[in-house]
Amino acid sequence: MKLGQAQEEFKAGRLDEVQIRKNPSDIRQWFVMVRTTDGASLILADEQDAPIVDRDLTRLVGILKDIGCKEARIYP
């Protein structure tokens with residue numbers, strides 16, 4: 001799910017859960033999964049549809065705040 005779409009989904013209340021997880025191909029990186037109210041799990045991506053991954057958890061949380069996320073679960 002692209003950032004712009006995720007922002008709209010947050011505003012509309014159609015996102016059920018946000019998870020921050022370790023990247024299985026590089027455990028030094030984190031990525032974000034969002035779960036919609038209809039049960040779909042999607043990876044958060046930028047506007048070019050590239051998955052958003054970062055070694056800095058603080059930066060990921062900042063991105064989530066910018067798009068309207070108020071709560072996320074971290075899975076180490």
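**A buried residue and its surroundings**

Asn-23 counts as buried because its relative accessibility is 12%, and the cut-off for buried is under 20%. The model described here is predicted.

**Asn-23**
- The residue Asn-23 is part of strand E1.
- Leaving out residues up to four places away in sequence, Asn-23 touches Gln-29, Trp-30, Phe-31 and Val-53.

- In soluble globular proteins, nonpolar side chains tend to be buried together.
- The largest nonpolar core has 15 residues, of which Val-18, Val-32, Leu-44 and Leu-64 touch the most other members.
- Two or more residues of this core come from each of helix H1 (3-12), strand E1 (15-23), strand E2 (26-36) and helix H2 (57-66).
- Beyond its neighbours within four places in sequence, Val-32 is in contact with residues including Val-18, Ile-20, Leu-44, Ile-52 and Leu-64.

**Overall fold and dimensions**
- The protein has two helices and five strands, and from the N terminus these elements follow the order α-β-β-β-β-α-β.
- The radius of gyration is 11 Å, which agrees with the value near 11 Å for a compact globule of 76 residues.
- Along the principal axes, the C-alpha trace spans about 35 × 20 × 20 Å.
- Of contacts between residues at least 6 apart in sequence, 48% join residues at least 24 apart.

**Burial, surface and charge**
- Buried residues account for 33% of the 76 residues.
- The accessible surface is about 4900 Å², and carbon and sulfur atoms contribute 48% of this area.
- The protein carries 12 positive and 13 negative charges, whose mean positions lie 5 Å apart.

Key
Residues are numbered from 1 along each chain as its sequence is written. This is a predicted model: local features need pLDDT of at least 70, side-chain atom pairs count only at pLDDT 80 or more; totals for chains, interfaces and linings use all residues. Side-chain values use heavy atoms; hydrogens and water are left out. A nonpolar core is a set of buried Ala, Val, Leu, Ile, Met, Phe, Trp, Tyr and Cys residues joined through side-chain atoms within 4.5 Å. Buried means under 20% relative accessible area, exposed over 50%, partly exposed in between (1.4 Å probe, protein chains only). Helices (H or I, at least four residues) and strands (E, at least two) are DSSP runs, numbered from the N terminus. Contact means heavy atoms within 4.5 Å. The radius of gyration is taken over C-alpha atoms; the globule rule is 2.2 Å times the number of residues to the power 0.38. Accessible areas come from the Shrake-Rupley method with a 1.4 Å probe; for residues, only the protein chains shown count as cover. Lys and Arg count as positive and Asp and Glu as negative; His and the chain ends are not counted. The place of a charge is taken as NZ of Lys, CZ of Arg, CG of Asp or CD of Glu.
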